[in-house]
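Student: I've got a structure open and I'd like to learn how to read it. Can you walk me through a few features?

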Amino acid sequence: MAKATASYTDDEFVAAIRRGDDRALAQLYRLHLPMVSHYVLQNSGTEDDARDVYQEGVMVFYEKVRDNSLELSCQIKTYLYAVCRRLWLKRLAEKTRFGTRLDDHEPFLETGAEADLEEAEERDRRFTTMNEAMERLGEPCRSLLEGFYLLDKSMQQLTADFGYTNADNAKNQKYKCLVRLKKLFFTQYQESET
């Protein structure tokens, strides 16, 4: 007996993804991949290129849904097409296989996808810059900040872990490390803009 797959409306997809329903995300992934694959293949790409671009596009959609910042003014299909189209044209431009300007390729659908994609790219750039700043920060600052901000350790736990005499000393050291991290981050961030 064939296994029946659930079919979702766009609103149901969004609601299911917000609930963390992996089946809905998997179905969404399968549902619109052929459309993006066709577009990429028709524009100098391969099946692998299509899957990569589609996965990036679905991640942009997924992150916007999960953080409740998605303002969908079109069908999910249209949104994903616009995001993936933009991603693919950008890759083509970077590889210099494509001679025209991105804006000249075809009329752009006003979906909000352009702004969402730029926001996601900017967030990725900030995460990369922060990761590089953390790497340059050195020890024990890196472990102290990771313990407090990423591992949710209390100041008492950090005092014991790092051998500080009391929680106030640990808090003071954490503050100094944070100031150093901010300085490293903003220096690298400004350098990456030029």
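Student: How far should the 20 residues of helix H3 span at 1.5 Å a residue?

Tutor: First, this is a predicted model, where local features need pLDDT of at least 70 and side-chain atom pairs pLDDT 80 or more, while totals for chains, interfaces and linings use all residues. Residues are numbered from 1 along each chain, and side-chain values use heavy atoms, without hydrogens or water. Helices are DSSP runs (H or I, at least four residues), numbered from the N terminus. The expected span is 1.5 Å times one less than the number of residues. For H3, residues 47–66, that gives 28 Å, and the end C-alpha atoms are 28 Å apart, so the two agree.

Student: Which residues of H3 are buried?

Tutor: Buried means under 20% relative accessible area (1.4 Å probe, protein chains only). In H3 they are Asp49, Ala50, Val53, Tyr54, Gly57, Val58, Val60, Phe61, Lys64 and Val65. They cover an arc of only 155 degrees around the axis, so they sit on the same side of H3.

Student: Which residues touch the most other members of the largest nonpolar core?

Tutor: Nonpolar side chains tend to be buried together in soluble globular proteins. A nonpolar core is a set of buried Ala, Val, Leu, Ile, Met, Phe, Trp, Tyr and Cys residues joined through side-chain atoms within 4.5 Å. Here the largest has 32 residues, and Leu28, Tyr54, Phe61, Ile76 and Leu80 touch the most other members. Helix H4 (76–95) gives the largest share, ten residues.

Note on methods: Helix = DSSP H or I, 4+ residues; strand = E, 2+ residues; numbered from the N terminus. Buried < 20%, exposed > 50% of the residue type's maximum accessible area, 1.4 Å probe, protein only. Arc of directions from axis to C-beta.
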